[in-house]
Structures are given as structure tokens and as C-alpha cells.
Amino acid sequence: MVLGGNSSEREVSLSSGARVAEALRSRGHTVTTVDPHPDPFVMLEAAKSAEVTWLALHGGAGEDGTVQALLDLAGVSYTGSGVLGSALAMDKDLSKHLFRAAGVPTADWRMVMAGDATPWREIGYAREVFAALGERVVVKPSKQGSTVGLSIVKAPEELAGAIAEAFKHDDEVMLEAFVPGRELTVAVLGGKALPVGEIIPKHEIYDYECKYVPGMAEEIFPAPISEDVREAVQRYAMLAYAGLKLRGCARIDFRLHPNGGLYCLEANTLPGMTGTSLVPQAAQAAGIGFPELCERIALDAVRARGEME
């Protein structure tokens, strides 16, 4: 079990890992936990002697393909997507291009790169962005998770400050059209979509506090949606999963616009497994308890490695 790391989501990783380790032990498995920070070679040594390495890391090098590349070189099995899928899903810009290529709708966006010539500090640029993307603009680091560094900007005068904040976390910043409506999520397990869930956050968006503080969001599984919407969001989730070349357990998030349109927000290749996390709730709605869920994810990783050899 690899948990912790040095990303901004370290505490969530520790919580997820501890809960998964307990669940696997309850099923009779021997679990050793390893924190790769500050020495990732400790992780590699432990992984070499394990039947499977459960990655409970979130964000940063643990989720962007870096750790996955090290484990591939060591020839060990691990949970979650491989190097390419992990990297593609972590990069929100590339993800959105691939969503559209796969026929999955996603909101319009622009990118600002550190050091390029984009005049993002100028009010004229901000007005152009609002004219193109709408009355509210989501500003976020392109390669971060759990809404770290994210802002919702409602006036051109606020845009430069939000971009500067996002640049504290990444060298690429996404400016995305805000999609109003309901927040839906679909977990994919064993190549199949689990029941659709709806998230009703206390804040305007499902931010870090709403995700991890009990009582800050209501999660409903299965979501109270029509059969047509359920089929559509699950179909889009599977298309996104395939388009990003994901494997193992992943979670795909959507917004359902009041006009009925669905928009894919992002894919999460190592979804949280804390007491408030969404994938365990989706599994429970499908009749899969948490210990069984963890065991199935681990066994799927072992099978995946065998199929590649």
C-alpha cells in the first residue's frame, strides 16, 4: 500500500490508504503501508516483494504517471491506470481534447501557459475571455486535483488574480466556461459503469471542503434522474474512460445543465476511498461492500498485469 506522498492532497491520501488497508486486512490479506516521501526507492523495494501495489496516492507525481512509470520499470502490478492514462487524465487540457474526440461533450475552454505571451494581466484580455466563455469562468491549474487552486470568477476585473493564484500550483492554467446545473458522477469498476450518483454541495461547487468534510455535501446513490439521462451519462463515462486509455477503477464527473445537456468535467484515475468518498458509495449502491470493493480493485490489477505479460 503506497500512501502519503508530497502533493497537496497528502492528508487525503493518508486517510484513503489507511481505510483501504484495514478493509483488505479484514479480507485476510497482508498489507504493508509505505510512504514514498521523501525517498521513493523505499516504495520500489517494498513493491518488488508484493503481489500487487495499491496506489492510494492523490495528485502530483502519484497520479500523473510518474510513480506508475517507476513501478512499470520494476515490473510490479499496481492499481489504477498506467503511465499514459494517468498522464492524460491529470492534464485537463489534453483530457478535454480527447473527450471531444471520443464524442463526449465538455465545456469550452482556453489555456494560459507560464512564460507565454498571453496578456492575461490586462483587462482587455479578461473581457475577451468573458465574451467567449460566458458570465462565469472557472479558473484552475491544469494538472491538479481536488479543486486545489480553483476559483470561479464572475467579473473580468477578478480574472488576473484568479490566474495568478492558479499559477501557484501549476505552470498551465485552464479558463473554462462555468456550467450551471446538477453534479453527477460515475465510477467505472471492472470495465463497467456503477450507479450514477448526484452530489449536492453546500458551496457553489464541489470543492475540497465539500469533498472531505462530513456534512458539507449530500451524495445520493443512485441519482434521482431519468432513465435516459442515466443511460447517457454512463455511456459518456465509458467513452471518456476508453478515450483516455484508463484501466482499473476510475471516476468520471459531469454537470447536467438545466437544459438537459451533459458536460464532462474530468476523470479521476485514483479516486478517494475515505469515509466521504464517492466510489465506495457507488459500489454500495451496486451491492458491493467496501472490503469487497477494495479486494476487487486489487485483483483486477493483478489480472491486468498478467494480460500484459
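**View 1. The side chain of S277 reaches the backbone nitrogen of M273, with 3.3 Å between them.** This is a predicted model, so to speak of local features we need pLDDT of at least 70, and side-chain atom pairs count only at pLDDT 80 or more, while totals for chains, interfaces and linings use all residues. Residues are numbered from 1 along each chain as its sequence is written, and side-chain values use heavy atoms, with hydrogens and water left out. A polar atom of the S277 side chain also lies 3.3 Å from the backbone oxygen of G272. Polar contacts here are pairs of N or O atoms within 3.5 Å; within protein, one must be able to donate a hydrogen and the other to accept it, and residues adjacent in sequence count only if both atoms are side-chain atoms. S277 itself is found in the loop between strand 10 and helix 10 (278-285). Helices (H or I, at least four residues) and strands (E, at least two) are DSSP runs, numbered from the N terminus. With 6% relative accessibility, S277 counts as buried (buried is under 20% relative accessible area, exposed over 50%, partly exposed in between, using a 1.4 Å probe and protein chains only).

**View 2. Helix 5 (residues 92-101) and its buried residues.** Look for K92, D93, S95, K96 and F99: these are the buried residues of the helix. They cover an arc of only 160° around the axis, which puts them on the same side of helix 5. The arc is taken from the directions from the helix axis to the C-beta atoms. What do these residues pack against? Their partners are helix 4 (83-90), strand 1, strand 2 (137-141), strand 4, helix 9 (227-243) and strand 10 (262-268). Contact means heavy atoms within 4.5 Å. After the helix comes G103, which has a positive phi, near 85°.

View 3. Not counting residues up to four places away in sequence, S86 touches E63, D64, G65, Q68, S81 and T269.

**View 4. W120 and F167 form a tilted aromatic pair.** The structure holds one aromatic pair. In this pair, the ring centres of W120 and F167 are 5.5 Å apart and the planes are at 55°. W120 lies in the loop between strand 1 (109-113) and helix 6 (123-133), and F167 in the loop between helix 7 (159-166) and strand 4 (172-177), so the pair ties together parts 47 residues apart in sequence. For the pairing rule, rings of Phe, Tyr and Trp (its six-membered ring) need centres within 6.5 Å; planes under 30 degrees apart are stacked, over 60 edge-to-face, and the rest tilted. Are W120 and F167 buried or exposed? Both are buried.

**View 5. Salt bridges, starting with E176 and K140.** The E176 and K140 side chains meet at 2.9 Å, N to O. E176 is in strand 4 and K140 in strand 2, 36 residues apart, which makes this a link between distant parts of the chain. E176 is buried at 3% relative accessibility, and K140 is buried too, at 8%. Next comes K143 with D170, at 3.1 Å, N to O. K143 lies in the loop between strand 2 and strand 3 (151-153) and D170 in the loop between helix 7 and strand 4, so this pair ties together parts 27 residues apart in sequence. K143 is partly exposed, at 27%, while D170 counts as buried, at 11%. K143 and D170 also belong to a salt-bridge network with D171 and E172. R100 and D108 make another bridge, at 2.7 Å, N to O. How many salt bridges turn up in a search of the whole structure? The search finds 18, each being a side-chain nitrogen of Lys or Arg within 4 Å of a carboxyl oxygen of Asp or Glu.

**View 6. Two arginines over aromatic rings.** The charged end of R19 sits over the ring of F290, 4.0 Å from its centre. R235 lies over the face of Y236, 4.9 Å from the ring centre. To qualify, NZ of Lys or CZ of Arg must be within 6 Å of the ring centre and within 35 degrees of the ring normal.
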